[in-house]
Amino acid sequence: MKIKRNIVLSIAFSIILVVSTIIVVLIVIEPTDQRIEHEPIIIWSDRDFNNYNFRGKGSEESPYRINNLNITTTSSKGIYITNTTKSFSISNCIISAGYAGIHIQKIATSTAQIINNTCNDAGVGILIQNSPNIIISNNICQKNDKENGIFISNSPNSLITNNTCNGNSGINFIEKNFGNGISLINSPSSILSDNVCILNSGHGISLSLSDNSIISNNRFSNNSITGLWVDYSRNSSVINNKFLNDGLAFESLFTSNHDIFDKFEEFTLDYYLSMKIEGNFVNEKPLGFYSNLTNQIITSTGDGQMIFVNCFNLTVSDLTPTEFYGVSFYYCSYSKIIGNNFSNIAKNGVLQVYSDYTLIANNTLSFNGETGIILYNSNNSTIYNNTCLSNYWGGITMIQSSNITIKQNICNNSGSTNSDGITVLMSSNITITENICKNNRNSGIETWESEYLIITNNTLINNRWGIFGGPASFFTISFNTIELSRQEGIMMITSSSNGLSKNSTITYNIFANNTSYGIAIQAGINIVIHHNSFTYNNLMSIQGFDSGSDNYWYDINLLEGNHWKDWSSGNYSIDGSAGSEDIYPLSSSPV
């Protein structure tokens, strides 16, 4: 079904933009004389303005004018102004500094205008902190390599228009700045319009903790993480923006490297429904933002990006998107995603956030820049018979989800160093069965801080590890074939914050030709291992390792252990500090 959309622009919003444009035009009219070489300008209070020969009187009608300067310095700041009440403008300057081209901090409301400057090749081009009602317009901030082109924090009612912020890079995970073109944090009721953000290593624009803001008529292109990221900014409007090879996102960065894993933000449904998202385009196709749909079958939308919020009983089938994003569901239930081809997409094929009772079946999700399928806090769902090949961050990932069945999927050739065929993080009651996971850079199946897992009848070949288990409990690993792992067939580790793996069984598996041990328990308690077959693992040295405690390498009731290809007689000794033994080795393979 072709879904119709209504685009309604608010008259009040239009008036705001017209008025803001008039203000900027009036301010920009300034003689452009030849720029003068100048030392860095440092102003700690109002009286420091007297140290410089600026035109103007510092009043609203006649602000101090810092203009037509060329400041190139290895000092940390090109222009730094703080703790002032006087009005001033910075215009028509070229500034390059060690850290911030322009840094404004803790100034009085509505006293600063930053117009038509070039702030390139610093750490951050323009940095604004605790300075409400500031105007930043017609600036060029490019190739700043530590944080962002423009970074504004704790400065409500900011007006940011007509800036060009391209090619900025750098990562600061503490502040969630990822080399963005423009970042706003805790700056509500701001307007960002008519800016150009291209080829930034993070987001084009990042809006965080800034309610009631307007993001309109901006142009985004080829930003690495996404074009526009909206984070905890309720009642904001995203209107008439154009995206090329990026798009709109609400979730935080996710990577499969747990050291820098940042979970999706826990937004409530009313957060998504509070936003006005209209008239945007991705790769010259509409950005489809659909809410409150019920009982519909969707086979074609013509959209460049598809976002569904609070929908019930949707069937999404036969789609073949080729844009930046696949399809995203937020707070939806009883969805069926069947028979689609989500391949060659820059981000994820299917994203499910707080969406329950979903069937994801018979899809092809291959050669995507991130993950084939992600479920976050989504329960009671089935992922069945999907083909997930050569996705950079992995085939299937679930985070903080429960009661999920992952069955008969193919998850091969995941690309990044830390990517898995199937990843289960902080989840419970997960059944992983009859899947094929081959040739993944990291694990065939990885679990982390999860419990009540059943991993059975899977084929795991030529991965770094067949199964890699972080702290986990009450899991069953049985009837799997684990071969040709580049390290251990199964590796169970500990975590300083979340303890040991425990209370689990590993039975009736085949371990063959793994480079290191068939099973290695780095730390674990009460893990029972029996009726497995170990053949030619660890270069035919000892094929098991145990540094845990109270683990048993045999069935304590049947008094039967495992089959070890290298065993000849007596007990079979297990490497590791636990001093474990299989005291009932089997003379033939039980599987």
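Reply: Strand E8 (residues 100–105) and strand E11 (residues 124–129) run parallel and are joined by 5 bridges. The model is predicted, so local features need pLDDT of at least 70 and side-chain atom pairs count only at pLDDT 80 or more, while totals for chains, interfaces and linings use all residues. Residues are numbered from 1 along each chain as its sequence is written, and side-chain values use heavy atoms, with hydrogens and water left out.

Strands (E, at least two residues) and helices (H or I, at least four) are DSSP runs, numbered from the N terminus. Two strands pair if DSSP finds at least two bridges between them. Strands of a sheet pair through backbone hydrogen bonds, either parallel or antiparallel. Here, E8 and E11 are neighbours in an open sheet of 9 strands with parallel pairing, in the order E2-E5-E8-E11-E13-E15-E18-E21-E24. At the edges are strand E2 (41–43) and strand E24 (248–249), each of which pairs on one side only.

The next topic is the nonpolar core, a set of buried Ala, Val, Leu, Ile, Met, Phe, Trp, Tyr and Cys residues joined through side-chain atoms within 4.5 Å. Buried means under 20% relative accessible area, exposed means over 50%, and partly exposed lies in between (1.4 Å probe, protein chains only). The largest nonpolar core has 68 residues, and Ile-81, Ile-104 and Phe-250 touch the most other members. Contact means heavy atoms within 4.5 Å. Leaving aside residues up to four places away in sequence, Ile-81 touches a list of residues that includes Ile-43, Phe-49, His-103 and Ile-104. A second, separate core of 54 residues includes Val-327, Ile-432, Ile-445 and Ile-482.

Aromatic rings are considered next. Rings of Phe, Tyr and Trp (its six-membered ring) pair if their centres lie within 6.5 Å; planes under 30 degrees apart count as stacked, over 60 as edge-to-face and the rest as tilted. The structure holds 29 such aromatic pairs. Phe-308 and Phe-329 form a stacked pair, at 5.2 Å centre to centre and 20 degrees between the planes. This pair links distant parts of the chain, with Phe-308 in strand E29 (residues 305–309) and Phe-329 in strand E31 (residues 327–330), 21 residues apart. Phe-308 counts as buried at 0% relative accessibility, and Phe-329 is buried with a relative accessible area of 0%.

Phe-479 and Tyr-508 are also stacked, because their ring centres are 5.1 Å apart and their planes are at 5 degrees. Phe-479 lies in the loop between strand E48 (472–478) and strand E49 (481–483), and Tyr-508 lies in the loop between strand E51 (501–507) and strand E52 (510–512), so the pair ties together parts that are 29 residues apart in sequence. Phe-479 is partly exposed at 43%, and Tyr-508 is partly exposed at 26% relative accessibility.

Ring pairs also link residues into a cluster, among them Phe-250, Tyr-330, Tyr-331 and Tyr-376. Tyr-330 is in strand E31 and is buried, with a relative accessible area of 2%. Its C-alpha atom is separated by 9.6 Å from that of Ser-378, and Tyr-330 and Ser-378 are 48 residues apart along the chain.

A disulfide is a pair of cysteine sulfur atoms within 2.5 Å. By this rule the count comes to 0 disulfides. The sulfur of Cys-332 has its closest cysteine sulfur in Cys-311, at 4.4 Å, which is too far for a bond; Cys-332 is buried, at 2% relative accessible area. Cys-437 is in no disulfide either, with the nearest cysteine sulfur, that of Cys-411, 4.9 Å away. Cys-437 is buried, with a relative accessible area of 0%.

Finally, two residues deserve attention for their backbone angles. Most residues other than glycine have a negative phi. Asn-385, in the loop between strand E36 (381–384) and strand E37 (387–389), has a positive phi near 60 degrees. Asn-385 is partly exposed, with a relative accessible area of 34%. Phe-474, placed in strand E48, has a positive phi of about 55 degrees although it is not a glycine. At 35% relative accessibility, Phe-474 is partly exposed.
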